Amino acid sequence: MQSNVYFILSFRFIILVLVQVLLLNNINFLGYINPYLYILFILTFPFNGNKSLLIVLSFLLGLTIDLFGDSGGVHAAACVVIAYLRPVILKFSFGVSYEYNSIKINNVEFVQRLIYVGIMVLLHHIVLFSMEIFNTNHIILVLKSTLISGIFSIILIMSSISIFSKKSK
Amino acid sequence: MQQILFFLIRNKNFLLSLFLFLISFALTIQSHSFHKNKFINSANFFSGGIYSFKNNVNNYFNLKEENDLLLEENARLRMQLDSFDEFSTIDNTDSTFTHSKFQFETARVINNTYSKSKNILTIDKGSQMNIALDMGVISSKGLIGIIKNTSAKYATVQSILNINSQINAKLKNSNHFGSLIWNTEDPNIVQLIEIPRLAPIIVGDTIITGGKSTIFPEGVLVGTIQSSLLNKDKNSYTLNIKLFNDMTSLKHVYIINNKDTEEIKKLEKESDDAE
């Protein structure tokens with residue numbers, strides 16, 4: 001059972017990195033807007049899993065994306081931030097007892113799921129873009145990129161969750 | 001002692017993420033400065049391999065356009081060769097002119113970005129083929145960028161669409177010099193700054209590289225003037241330059257190796273030290 005979980009996690013890691021690097025990084029909608037689907041790995045990591053493991057894995061995930069995108073460590077930093085804040089956001093969106101109720105992302109209410117995904121995505125994007133642009137003169141650009149890219153990512157992540165989740169009814 | 005241990009255990013997640021965040025922050029800072037981003041770049045065996053696999057697949061979709069482009073360039077070079085032949089029959093005694101100090105190496109672009117503020121290309125030739133830092137990269141249509149990092153088989157190129165790039169260029173007609181920079185707004189428009197007010201600016205005029213540096217030979221095509229703006233101090237112009245290259249679709253590039261670079265660098269260093 002346990003090894004099965006690790007297998008699924010590593011499979012998901014590799015597939016998400018390849019999809020992000022080979023496909024989504026080339027979309028460039030309106031010139032510069034790309035969705036960042038790969039954080040789905042952090043979003044769907046088992047809710048009662050080891051938190052330190054998640055932080056380390058998120059760092060590696062971000063670093064791999066950086067490696068392909070020549071972007072220094074911006075994705076790694078953004079991923080570490082949302083991986084660390086994930087328990088707080090989980091508590092906020094699903095209530096205090098999320099850890100014991102064995103909640104899974106594919107069988108919670110739509111609104112709760114949207115809040116969780118939305119906060120995580122926007123947090124990730126704002127850290128990402130402010131580190132990438134790294135200039136206080138371009139705050140408007142940071143906010144604009146965060147918003148447009150964020151909406152794009154949220155739509156893509158929500159639809160991936162509903163397409164790839166097993167039927168729970 | 002025990003309290004320190006308890007503190008560490010209680011806050012282990014926070015400390016871990018702080019530590020990892022600082023590492024990524026350091027890598028980011030490092031990548032903001034030219035020549036220092038040694039560890040995380042796409043010119044390594046792993047990502048270079050995946051990118052060249054992707055490129056092998058993608059290449060088949062553009063074969064026709066690529067062929068057209070190469071034919072076009074062949075025709076142009078053939079024309080130049082013809083005119084060169086006429087000259088060389090008149091004056092072929094001076095052998096120094098027949099050996100160009102610039103060597104050209106071809107390469108394929110296997111990864112290209114143009115939507116960020118610091119854009120990098122990856123090409124499939126590396127230090128094995130004598131590609132080294134600071135060599136110029138052009139395509140058949142014009143200027144592309146400068147080599148930033150090399151591995152054995154791959155290299156990354158800092159394109160002109162990068163806020164760190166600053167390349168010497170001039171007006172073809174009047175030889176007034178300026179620096180090429182990019183304001184991140186449009187991947188086909190770059191800016192030429194510090195053009196003196198005396199210079200005659202005509203929309204549509206050609207901009208070429210200046211040849212003041214050792215990286216590019218003089219006269220590599222850059223683009224045409226699209227619009228001009230007089231600066232606040234009324235002494236210089238900022239020009240918007242429309243590039244000849246479509247930076248969003250690059251396939252084959254040439255890397256320029258200046259054989260005299262080392263000699264010039266050494267000379268300049270000696271004069272610096274002497275002061």
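Colleague: Across the interface of domain 1 and domain 2 of chain B, how many salt bridges does the rule find?

Modeller: The model is predicted. A pair would need a side-chain nitrogen of Lys or Arg within 4 Å of a carboxyl oxygen of Asp or Glu. Across the interface of domain 1 of chain B and domain 2 of chain B, the number found by this rule is zero.

Colleague: How many residue pairs are in polar contact across that interface?

Modeller: The criterion is a pair of N or O atoms within 3.5 Å. Between domain 1 of chain B and domain 2 of chain B, both pairs that qualify are at pLDDT 80 or more, and the count of residue pairs is two.

Colleague: On the side of domain 1 of chain B that touches domain 2 of chain B, how do the residues divide into nonpolar, polar and charged?

Modeller: Strands E3 (136-138), E4 (143-150), E5 (155-162) and E12 (252-258) of chain B each supply at least two residues of this side. Its residues divide into three charged, seven polar and eleven nonpolar.

Colleague: What area do the two domains of chain B bury between them?

Modeller: Interface size is often expressed as the accessible area lost when the parts come together. For domain 1 of chain B and domain 2 of chain B, 80% of that area is on carbon and sulfur atoms, and the total is about 1,400 Å².

Colleague: Which three residues supply more of the area that domain 1 of chain B buries against domain 2 of chain B than any other three?

Modeller: The share of these three is 39% of the area that domain 1 of chain B buries there. The residues are Leu143(B), Ile160(B) and Leu161(B).

Notes:
Residues are numbered from 1 along each chain as its sequence is written. Chains are lettered from A and ligands numbered from 1 in the order in which they are written. This is a predicted model: local features need pLDDT of at least 70, side-chain atom pairs count only at pLDDT 80 or more; totals for chains, interfaces and linings use all residues. Side-chain values use heavy atoms; hydrogens and water are left out. Buried area is the accessible area (1.4 Å probe) that two parts lose on being put together, summed over both. A polar contact is a pair of N or O atoms within 3.5 Å; within protein, one must be able to donate a hydrogen and the other to accept it, and residues adjacent in sequence count only if both atoms are side-chain atoms. Helices (H or I, at least four residues) and strands (E, at least two) are DSSP runs, numbered from the N terminus. Ala, Val, Leu, Ile, Met, Phe, Trp, Tyr, Cys and Pro count as nonpolar, Asp, Glu, Lys and Arg as charged, and the others, Gly among them, as polar.
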